[in-house]
Amino acid sequence: MISRRDFLNGIAVTLAAAGAGDSLSWAAQADYPPPVPGKEGLIIRSFRFLDLEMPMEFMNSWITPVPHFFVRNHMNMPIEAGASGWSLSINGEVEKPVTLSLADLHKLAPHSVTNTLECAGNGRSFQRPIVPGVQWQRGAVGNARFTGPRLRDVLELAGVKATGKHVMFRGRDPVPSKVPPFIRSIPVEKAMDGDTLIATHMNGSPLTKHHGFPARAMVPGWLGAASCKWLVEIKLIEKEFDGNFMKPGYRFPDQPMAPGGSVSPDATHAITGLSVKSVIASPAEGGVLRPGPVRIHGAAWAGEADIVKVDISTDSGATWETAQLGADQARYAWRLWSHVWNPTKAGEYVIMSRATDSQGRTQPESAAWNPSGYLYNVIDKVKVNVQA
């Protein structure tokens, strides 16, 4: 998961950002990293720039509680996470650059969107051959209700020129030496969508420091990297931003490629919407079960599309049955699903889940391999043992 060296290198910054600086003396003698305050129970994938994964046991509610929501950071978190002195500038290809305070944002009409936020690298650890990057398994994903003014309302305060074709986001996360700043952009059409937000609240409460307090972009249905945290600048630009985290980062090959190959950034395109995907939350891999009714459950999502069906197999894909979808539903949000299986014989079984969305996409049997392991959405599988 993480090495002792990574832990000791990152603990000072992480604990300071979490307000736990008194624990530094403990850290020097630690065999394992301590729980991250407010995120107890999450899996630590990196301490250099804090990355926390949600265990599948927490995928049991439609709305993911903030303490269980995964964390993906590309830089260190801002040490001073307060709103005092914070401002958001809107500039570039606009008629009148403006600067807004948090109070100014709160004066704009709020809008809420329930969105499944997923890191594009979720599932990377299952790619073969292995690819570099944070070795996420299934839990770099969560579903939450985000609230704040519509981005288009903010942009209209400055007046977007016809030359403003893309909207660039910059956060205030400190940039380490020789590391390019985390800057992303989205097309102006997505920025003007009524569900794209400058979010200030998550699940009814102000954003926490781990999730971008005091304000973040929220680009629903798209990869998590599009929703820049700790937002301080929005800039209208004439074309897609050309920085490191747009190119070569977070791009997908234009054409299918052989596993283990390489591709020029010029033969790739920026990742936008999420793929169709389902994961099995329970039973867990390697679980030991008894004959009798077993509840199989998990979640499925498809970015800007809707989940229309989840099929379950308990015999390694020989036969399939349709799972029951949960009642809770919203555009951009995952659907919980469940299925009751009644094994009668002892033995080893492979349980599989396969989602289909409103665009006709179905989870594939094999991964669309790419050098960064993005958008892994293979039919999910867990192996269990039934013992009499």
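Start with Arg-170 and Glu-233, whose side chains form a salt bridge at 2.7 Å, N to O. This pair connects distant parts of the chain, with Arg-170 in strand E8 (residues 166–171) and Glu-233 in strand E14 (residues 231–237), 63 residues apart. Arg-170 is partly exposed, at 32% relative accessible area, while Glu-233 is buried, at 13%. Keep in mind that this is a predicted model.

The structure has 13 salt bridges. Another one of them pairs Arg-45 with Glu-53, at 2.7 Å, N to O. Here Arg-45 is buried at 13% relative accessibility, and Glu-53 is buried at 3%. Then there is Asp-311 with Lys-309, at 3.6 Å, N to O. Asp-311 is buried, at 6%, and Lys-309 is partly exposed, at 33%. Shared partners join Lys-309, Asp-311 and Arg-354 into one salt-bridge network.

Now the cores. The largest nonpolar core has 64 residues, and the members touching the most others are Met-59, Ile-90, Phe-169 and Ile-234. Beyond its neighbours within four places in sequence, Phe-169 has contacts that include Leu-151, Phe-182, Val-219, Cys-228, Glu-233 and Ile-234. A second, separate core of 20 residues has Ile-296, Val-310, Trp-341 and Ala-355 among its members.

Key: Residues are numbered from 1 along each chain as its sequence is written. This is a predicted model: local features need pLDDT of at least 70, side-chain atom pairs count only at pLDDT 80 or more; totals for chains, interfaces and linings use all residues. Side-chain values use heavy atoms; hydrogens and water are left out. A nonpolar core is a set of buried Ala, Val, Leu, Ile, Met, Phe, Trp, Tyr and Cys residues joined through side-chain atoms within 4.5 Å. Buried means under 20% relative accessible area, exposed over 50%, partly exposed in between (1.4 Å probe, protein chains only). Contact means heavy atoms within 4.5 Å. A salt bridge is a side-chain nitrogen of Lys or Arg within 4 Å of a carboxyl oxygen of Asp or Glu. Helices (H or I, at least four residues) and strands (E, at least two) are DSSP runs, numbered from the N terminus.
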